[in-house]
Amino acid sequence: MATSLTWLGHSTFQIVTGGKTVLIDPFFTGNPAATVSADEVTADVIIVTHGHADHVGDTVDIAKRTGALVISNFEIIDWMQKQGLTNVHPMHIGGSHKFDFATVKLTIAHHGSMLPDGSNGGSPTGIILTTDAGKLYFAGDTGLFYDMKLIGEEGLSLAALPIGNNFTMGPEDSLRAIKLLEPTWVLPMHYNTWPLIEQDINAWSEQVAAQTSAKPVIPTLGEAMELGQ
Ligand code: NI
Ligand code: MN
């Protein structure tokens with residue numbers, strides 16, 4: 001079965017894999033970059049990297065409307081249950097689980113994770129999705145960390161990295177991250193949503209091509225990319 005990926009702005013991705021539609025960090029309401037609204041998006045599964053509002057986003061509303069399975073760390077899933085969600089699966093850092101659409105593994109991320117109402121969102125995470133198009137790493141919000149070397153040792157087809165700076169890695173540290181991760185393809189995220197995280201994406205892409213072995217891909221908002229093996 002084919003796997004495709006669509007960037008929906010900020011750190012929001014829709015991945016179709018194993019016959020299921022997976023949303024990562026579904027942030028539509030209040031997202032100036034969003035091209036679709038929370039009440040029209042489809043999902044079978046939602047995975048949330050950490051508790052911040054621009055990542056939890058519209059998870060509760062979408063899950064209530066679609067019945068999608070919500071996967072996140074233990075603390076965020078506990079909070080989701082308090083919001084009335086019942087189709088949930090708690091995990092935590094270092095753990096992986098084989099679902100019917102893909103295997104999901106949570107990684108470390110260096111960041112915060114407080115939930116929108118001030119509740120404890122546990123530790124922030126990244127996600128490795130093992131699909132029929134290889135391993136896809138979504139770093140979440142994070143600074144550079146040397147253990148990216150260990151994540152890279154898993155053999156990544158694709159890495160989606162924040163490059164916006166200020167709250168996460170900026171473009172320069174993302175180049176160091178790519179050298180540790182050594183993915184085949186690298187996608188930028190968490191940039192240009194607001195003026196504070198504006199970046200020159202073409203300059204970034206040129207630096208990636210010049211300095212690393214990864215191929216930079218700048219997805220077009222809302223346009224599905226087929227991921228080959
Ligand atoms: Ni964050
Ligand atoms: Mn964020």
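Let's start at H111, which is partly exposed at 25% relative accessibility. Buried here means under 20% relative accessible area, exposed over 50%, and partly exposed in between, with a 1.4 Å probe and protein chains only. H52 is also partly exposed, at 23%.

Some housekeeping. This is a predicted model, where local features need pLDDT of at least 70, side-chain atom pairs count only at pLDDT 80 or more, and totals for chains, interfaces and linings use all residues. Residues are numbered from 1 along each chain as written, chains are lettered from A and ligands numbered from 1 in written order, and side-chain values use heavy atoms, without hydrogens and water.

Now, the metals. Which protein donors hold the nickel ion (ligand 1)? They are H50 (NE2), H52 (ND1), H111 (NE2) and D141 (OD), at 2.2 to 2.3 Å. A donor is an N, O or S atom within 2.8 Å of the metal (3.2 Å for Na, K and Ca); water is not among the atoms, so sites may look incomplete. The angles among the 4 donor atoms run from 88 to 171°, and the site is irregular. Along the chain the spacing reads H-x1-H-x58-H-x29-D. H52 sits in the loop between β4 (45-47) and α1, and H111 in the loop between β8 (103-108) and β9 (125-131), so this pair ties together parts 59 residues apart in sequence. Helices and strands are DSSP runs, numbered from the N terminus: H or I of at least four residues, E of at least two.

Next, the manganese ion (ligand 2). Its protein donors are D54 (OD), H55 (NE2), D141 (OD) and H190 (NE2), 2.1 to 2.2 Å away. D141 coordinates both metals, which are 3.2 Å apart. H55 lies in helix α1 (residues 53-56) and D141 in the loop between β10 (134-138) and α4 (148-152), so they link parts 86 residues apart in sequence. Both H55 and D141 are buried.

On to packing. A nonpolar core joins buried Ala, Val, Leu, Ile, Met, Phe, Trp, Tyr and Cys residues through side-chain atoms within 4.5 Å. The largest has 50 residues; F13, V104, L129, Y137, F138 and L161 touch the most other members. Apart from it lies another core of 21 residues, including A38 and V70.

Last, helix α5 (residues 171-181). Its buried residues are S174, L175, A177, I178, L180 and L181. After α5 comes E182, with a positive phi near 45°.

Note on methods
Tetrahedral: all angles 85-135°; square planar, octahedral: opposite > 155°, others 65-115°.
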